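Dear colleague,

I am passing on to you the structure shown below, together with an account of what was found in it. Please keep it open beside this message as you read.

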Amino acid sequence: MSETEPVTVQIRTWWQRVEIKRIVWTWLGLTVLLTIFALTVPTRLMGPPASPTMRAVESTMTVFSVAASAVMALVLAIAVYSLIGWRSRGSEPPIGDGPPIRGNGRVTVAWIAVSTGLTMFALIWGLGEMQSLSADASTPNAMVVNVTGQQWVWTFSYPQNGNVESEQLYLPVNRPVVFHVTSKDVIHSFWVVQMGIKIDANPGEVTKTGVVPDRLGTFDVRCAELCGLLHAHMETQAHVVSSSNFAAWITAQERRAS
Amino acid sequence: MPTIGVYLRASGVVAAGVLVVVLAGTALARAGTTPGLLSATIKGTAQTPVGVLPHAFMELATYPDSLAGEHGPGGGSQPDWVSYGPTTNLSVPAHALVTITIKQYDSGGTITNPYFATVHGTVDGTETVNGKTVTDVNSDAVGHTFTVHALPTNQDPLFVSVPLPALPDNAKPAPGSNYPNPNVVTFSFVTAGPGNYVWNCEYPCGDGYVDFGGAMSTRGYMSGTLTVA
Amino acid sequence: MSTLNTEPLLGIPAAGGGLMRRLNVVTAAGGGLVLALVGWAIARHFMLADDFGPDQVTVITMVCWAVGFMAGIGAFNGPIGWLRGRDLTSEDELFLAGKDQGIRRYFRFTTDHKVVGIQYLVLTMVLFGVGGAMAMLIRTNLISPNSNFLSPQQYNAIVGLHGLIMVIATIIMVTGPFGNFIMPLMIGARDMAFPRLNALSLWMIVAAVPILLSATFLGGIPTGWSGYAPLADQAPPGMDAFLMTIIIFAISSAVAGANITTTVLTMRARGMTWNRTPIFIYGVVASVGLAIPAFPMFMASQVLLGLDRTMGARFYIASGGGSPWLYANLFWLMGHPEVYVILIPAIAALMELTAVFSRKPLFSFNTAVLGIVGISVLSVMVWAHHMYVSGWAPNLNGAFMLTTEMISIPTGMLFLVILGTIWRGRIWTRLPMMSTYAMLWNFIIGGITGLYLSDVPVDYALHGSMFVTAHFHYTLMGAGLTGAIGALAYWFPKMTGRMLDERFGFISFWLVQIGFNVTFMGMFAVGLAGQPRRVYTYDNLLATGNFVSTMGAYAIGIGMLFLLYAVFSSWRHGELAPSNPWGSKTLEWTVPNPVPLENFEVLPVVTSDAYGYGEEPFEPFEGPPRPDKLEPAHVGSSADEDSTEGARP
């Protein structure tokens, strides 16, 4: 590429190279396909979110996937074209060398700049999400639920609701809740799958996480840290109910305990 | 052109490899022997909060060693581990009222989570201990618990946990037996649809860190399966 | 060649060479067993009848095994000789280097780097075989919910052992065989800087393997390969086998790392400046350079665990003043650099062979070096991204997210180098080059899924799920193991003098790569849907995904068995290879097959780098012999007896 020609002429010459045109079209086609995948598959697999936290997680997955589509498509386009357009046919050795391209300053700088830009985008997006989620989790009038993990059962207690205890988690909808999580023995991990929250249960420590459940229904509470023999069975259910149903449940539990 | 012999040799190596893995897997599956199954016996019907159901009965015991459980009179490889008996592989009928009697022959102490010193999941939230109906036992004198739980997503949820009170440390063996007179605990719960559940003890009676190792972490001692069929 | 010289060196009396000549792997195993029995008997006699007794006995027995094994293989002969004021004669040294011993030199404490390289290759294959068989068992157990194939204890133990075996295997898979056999040739040296340490590092791993496998008879391990405390404090004596294995392996890695680094720094041929050093060398040095700070952390974590388990220390027990977070930090300070220890040499090997099979210089050598260095430096600053949900330091989560996401920049540089090397090349699609393409596909998926996990809120949803398992298999297996297999196909002619069978190589390649993608794509799906890691049974809803993964796993297993066949049969009666079948310009291809004991008759002087494709005049090269040309020369196969096609070249 001559350095003395104006940029527009350089670009036109570059575009007229057969391989460039084919690679760019392949890249665009693959980007479209991968973007369709990115917009549909991850969220479908993760299922309907049960909290704003999970909604943020699913949107991050989608956004990152869409951004990654173009990158993956570029790598694949060049790789695929190389097997078609630059291949030395047959199993005999090639009969000549390729061009002695030791490097390309512009391409290298552009590549590094774009990857840095994408990284900064991911970072800023992530920091923004973390900011808004931590604001959610530290609302002053959040309901407190104590979560105790032990080998191999979860138990919950409600210090603000008569110290009611249960092995099933009941939560009122649309009310911020903070979990104070600890363990009686080894490290477990308290994971409410559809709400997208997870925090380890450590012996001798109390860790905290918060969420606002905004969908009625029954969701899965699983242990996400291998804790021994029956780790696979350390599961229970989270029931998100209306405030009145929650109050009724609390009353019934208190009655049963007395 | 490579001959058919080459493909045969290659397939032979593949087949040999597959055979090795299959043999290893079979050996492992056999080695982790499932102990004999104890099924509850159905005797008549009973009135329950959900209607009249068949009534099934089962008897278990908890021992301070492994000499009377499923490991044979020698106690297996760990004779001094506490264990349930006669076996830890249990089966009860679905849609039935199940009454289990557990004879508790072991001593105990303070349970780490007082939640499990209380009765949960039984028909009226109670158990009988030596004939007396209670909703919990002294959390400083728990011998073992019988706690049933499972993956709630593959079957109807079932959570039953009963504490088994401890014998005093200085209890003497009863005449004609190796063990003192037990605490007899009886409780009943209603089963729903069929499923595969697990049960384990939640009182730390094993070895190692927080006494949850050893017998507590090994199937066949303080942990087993409950099939609802 | 040097004449046999029995004169004592420098006036030092000769060491008794008789014992040394009788030691081999059999005497090593015998020595290990004998000392282990003695240690076990003595330990049991004095063992306190408390919680720590069985662990104390186990640890002492294993230490005795290891010491006895190393004594039995002859690792202490040199140091004991020095204590007596003696050293090896040059005849002894040639014996130790395996001169004129035929196949027996592979079963001894042989110092020749080529022998150690082959020994590492066989050891790696054995480890992958055992770890792979375990993977087949794991996936069989997960073929359906409640399969009742393995008990939960067996399953947890196999998951943990599979993990540690594969981690060890992937750490040594490139730097072991190729870092040892090829690296000194590639830099124009006669051997490594410390030949006896070389043999020592290999035999230590051999000593550690029976220790690791003995965990199966000691109750297994309940923790997975990460060995998290305090579950590891609670575990049966199998955990002692686990921690002893790691302690021995860490020492072996430190020794190997010192050896490789010194060799590369001081023994490059004259004229081989850093600019003329092949990129594979940078990859190997970066890998061991990372291992040197990282593995001592792992060793420290296990020593502390050993003290907890045998002496009642409370390093990881909160109620005793310790902290489980101490373990997690020590482990991950190793655990993150460790994945780049695995990955960097594999990708460096692929960069090396891509230049050859594109007939082009490596695109932007400086960017490649910068990428490797950037990954290495950043990798020691990211460890707590494994601990986002641990609650240890939530305020640092953002900082670790920054450093982790930044690693994608130097990683992207490596992609640029490979794509730029392929660009407008003359792509020769032989088996080694196919690994590059497989790596491009697998690693872009692995890298992108890593980006998801580096985002803190997403990690809160995905940590501890099968999504993580799929991510690290895509990077370590899809990029790492694929690169190692490419390196094997590339350097097989130099290491064995024969070409690797390409027909079965390709059958294996496609089965493994397609099976691999099926298995781990299925795993991404069930992970997103909420399946935790390390569970022996799961929600019915996830049954299809798990079944699909299991089928893919069986395909991988069959594919790898085909590769095993290809390696066996090619090694024994593959086509004889010319000394440079690929037309490569690096130094190892200038020596004849089989490689002479002292590598080069005259040490080479280097005047340019090894990437002069298209700059120097093209010299047509004959390439590997074609299969049908050689049929008449195959002995024992039912070839065309009356074919007159070409004599053997």
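In this structure, 76 residues of chain C are in contact with 74 residues of chain A. The side of chain C that touches chain A draws two or more residues from each of several helices, namely H7 (152–175), H10 (231–234), H13 (324–358), H15 (397–406), H16 (408–422), H17 (431–454), H18 (456–462) and H20 (502–528) of chain C. Of these, H16(C) gives the most, with 8 residues. Sorted by class, the residues on this side of chain C are 43 nonpolar, 23 polar and 10 charged. Please bear in mind throughout that the model is predicted.

Chain A also meets chain B. Here the contact takes 19 residues from chain A and 21 residues from chain B. On the side of chain A that touches chain B, at least two residues each come from strand E1 (143–150), strand E2 (153–158) and strand E10 (235–241) of chain A. E10(A) gives the most to this side, with 3 residues. The residues of chain A that touch chain B divide into 4 nonpolar, 8 polar and 7 charged.

Within chain A itself, there are two domains: domain 1 covers 7–87 and domain 2 covers 143–257. Their C-alpha centres lie 40 Å apart. Between them, 8 residues of domain 1 of chain A are in contact with 12 residues of domain 2 of chain A. The side of domain 1 that touches domain 2 has 5 nonpolar and 3 polar residues, and no charged residues.

C:Tyr388 counts as buried because 27 other C-beta atoms lie within 10 Å, where 20 or more are required. Beyond its neighbours within four places in sequence, C:Tyr388 is in contact with C:Asn397, C:Val456, C:Asp459, C:Tyr460 and C:His463. By contrast, the C-alpha atoms of C:Tyr388 and C:Thr245 are separated by 28 Å, and these two residues are 143 residues apart along the chain.

Two cis peptide bonds may be of interest to you. One joins B:Gly85 and B:Pro86, with omega about -5°; B:Pro86 is in the loop between strand E4 (83–85) and strand E5 (89–92) of chain B. Another runs from C:Ala229 to C:Pro230, with omega near 0°, and C:Pro230 is found in the loop between helix H9 (195–214) and H10 of chain C.

Finally, there are residues other than glycine with a positive phi. C:Asn148 has phi near 60° and sits in the loop between helix H6 (113–141) and H7 of chain C. C:Arg534 likewise has phi near 60°; its place is in the loop between H20 and helix H21 (543–573) of chain C. Are these residues buried, partly exposed or exposed? C:Asn148 is partly exposed, because 14 other C-beta atoms lie within 10 Å, whereas C:Arg534 is buried, with 24 other C-beta atoms within 10 Å.

With kind regards

How values were computed. Residues numbered from 1 in each chain as written. Chains lettered and ligands numbered in written order. Predicted model: local features only at pLDDT ≥ 70, side-chain atom pairs only at ≥ 80, totals over all residues. Contact = placed C-beta atoms within 7 Å. Helix = DSSP H or I, 4+ residues; strand = E, 2+ residues; numbered from the N terminus. Nonpolar A, V, L, I, M, F, W, Y, C, P; charged D, E, K, R; others polar. Domains from an automatic or database assignment. Buried ≥ 20, exposed ≤ 12 C-beta atoms within 10 Å, placed from the backbone.
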